Amino acid sequence: MSALLDSLLTRIARTGPMTLAEFMTESLLHPKHGYYTTRDPLGASGDFTTAPEISQMFGELLGLWLAQVWMDQGAPAPFLLAELGPGRGTLMADVLRATRAVPGFHDAARLHLVEVSPALRTKQAEALTGHQVSFHDHLADLPDGPIFLLANEFFDALPVRQFQRGKTGWHERMIGAEDGRLIWGLGPESAFEMLEDRLADRTEGQIVEVNTPALPLAEDIGRRIATHGGAALIVDYGAAVSHGDTFQALKAHKPVDPLTCPGEADLTAHVAFAPLAKAAAPARASAPTPQGVFLERLGITARAQALATRLSGPALDSHIAAHRRLTHGQEMGTLFKVMSLTPPDAALPPGLDP
Ligand code: SAH
């Protein structure tokens, strides 16, 4: 039995069933056996891949977006160039390469990365060799100042709670134990205040998810942007509000049963963007805009064609496949959404729906 499964069973025997959020926190961030604590899970040989790992075009376009918004706000200097959950550091490296020629941008940028994984911090430092980087455990630890922030596939890795609609209230979905295995169960029916507005649109038996840690984070980002200026771009799979069970475990690019191998699979849930937008007020939130639409508006096809002139054979084929993967409706183009946060009085930034 894995050491983490053992420790989860012991904990349940001692204190009873745990919420899904507690299970996710232990599985992903346990100091010794947590999924993110112990490994670099990205890429073809890992468990999942992400947009910046698929093509350099993603980070280049996001970099130019940041530079444009920075200039539109009068090029504040210095400013925090921040990222939540930077993975292998690929996105930030592409952002920095794409913005090298933007006058004053690099001189003014102070790099701040929020990352819990020691294994990935090492990769990030390598990817950003030559740049001065400050690492943080929490967004709250960053200094104040104008902030330009990216978060790609970060919010989906945060722990969610799940609730099943009962007759007049909600049952929280819990994880308990039976015969040395983890099993799903339901807590007693109760009125959860944060879900009052969801009683009307859910019927008995339907599930909603609540990403509890995402809300104070969105609030902090919104406060920083509204007070000091700046912008955030949040990219993730999801929709405006939570509809049902989207909790999933991926191992070697395939779905697995999340309860059988804690600490060995990537655990995610789709992001509900409307609650983030609400929490970030008074900062102005765009609509969650489909990633494919956003990247097309920023000119990904022109960039793809320019890069294609230098490629041939298998490299050209994989470049064309990467463009399709990032933008096509049946790949990442529609399921992934992009939402910006900007100061309350700023114009809507490029590429986004109002
Ligand atoms: N943005 C990267 C990686 C996405 S994977 C990319 O697009 O490739 C999720 C990232 O968030 C990893 O770097 C992981 O270690 C980090 N992470 C997960 N939970 C976190 C938490 N609670 N606080 C800070 N970083 C976290």
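Glu153 counts as buried, at 15% relative accessibility (buried means under 20% relative accessible area, exposed over 50%, and partly exposed in between, with a 1.4 Å probe and protein chains only). Its phi is near 50°, a positive value in a residue other than glycine. This is a predicted model, where local features need pLDDT of at least 70, side-chain atom pairs count only at pLDDT 80 or more, and totals for chains, interfaces and linings use all residues. Residues are numbered from 1 along each chain as its sequence is written, and side-chain values use heavy atoms, with hydrogens and water left out.

**Backbone: positive phi**

- Glu153 sits in the loop between strand S5 (147-152) and strand S6 (161-165); helices (H or I, at least four residues) and strands (E, at least two) are DSSP runs, numbered from the N terminus.
- Ala252 also has a positive phi, about 50°, although it is not a glycine.
- You will find Ala252 in the loop between strand S11 (248-251) and strand S12 (254-256).
- With 45% relative accessibility, Ala252 counts as partly exposed.

**Backbone: cis peptide bonds**

- Ala77 and Pro78 are joined by a cis peptide bond, with omega at about -5°.
- Pro78 belongs to the loop between helix H5 (56-72) and strand S2 (79-84).
- A cis peptide bond also runs from Ala281 to Pro282, and its omega is near 10°.
- Pro282 is placed in the loop between helix H10 (273-280) and strand S15 (284-285).

**The ligand and its surroundings**

- The ligand is surrounded by 19 residues, and the closest are Thr50, Gly85, Gly87, Glu115 and Asn152; a residue is near a molecule if one of its heavy atoms lies within 4 Å of it.
- By residue class, this shell divides into eleven nonpolar, five polar and three charged residues. Here Ala, Val, Leu, Ile, Met, Phe, Trp, Tyr, Cys and Pro count as nonpolar, Asp, Glu, Lys and Arg as charged, and the others, Gly among them, as polar.
- In the side chain of Thr50, an N or O atom is 2.5 Å from an oxygen atom of the ligand; a polar contact is a pair of N or O atoms within 3.5 Å, and within protein one must be able to donate a hydrogen and the other to accept it, while residues adjacent in sequence count only if both atoms are side-chain atoms.
- The side chain of Glu115 likewise has an N or O atom 2.5 Å from an oxygen atom of the ligand.
- For the side chain of Asn152, the distance from an N or O atom to an oxygen atom of the ligand is 2.7 Å.
- The protein buries 94% of the 570 Å² that the ligand exposes when taken alone; these accessible areas come from the Shrake-Rupley method with a 1.4 Å probe, and for residues only the protein chains shown count as cover.
- The largest pocket is the space taken by the ligand. On a 1 Å grid over the protein atoms alone, a pocket is an open set of points with protein on both sides within 12 Å along at least five of seven lines, whereas a cavity is a set where a 1.4 Å probe fits but cannot get out; lining residues have an atom within 4 Å of a point. A molecule sits in either one if more than half of its atoms lie within 2 Å of its grid points.

**A contact inside the protein**

- His171 is part of strand S7 (residues 170-178).
- His171 is buried, with a relative accessible area of 19%.
- A polar atom of the His171 side chain lies 3.3 Å from the backbone nitrogen of Glu189.

**Distances along the chain and in space**

- Asp266, in strand S13 (residues 266-268), counts as buried at 4% relative accessibility.
- Between Asp266 and Gly46 there are 9.9 Å in space, C-alpha to C-alpha, and they are 220 residues apart in sequence.
- Leu217, in helix H9 (residues 214-228), counts as buried at 17% relative accessibility.
- The C-alpha atoms of Leu217 and Tyr36 are separated by 19 Å, with the two residues 181 apart along the chain.
- Ser134, in strand S4 (residues 133-136), is partly exposed at 31% relative accessibility.
- Ser134 and Met57 are 77 residues apart along the chain, and 25 Å separates their C-alpha atoms.
- Ala308, in helix H12 (residues 300-308), is partly exposed at 21% relative accessibility.
- Ala308 and Ile320 are twelve residues apart along the chain, and their C-alpha atoms are separated by 8.0 Å.
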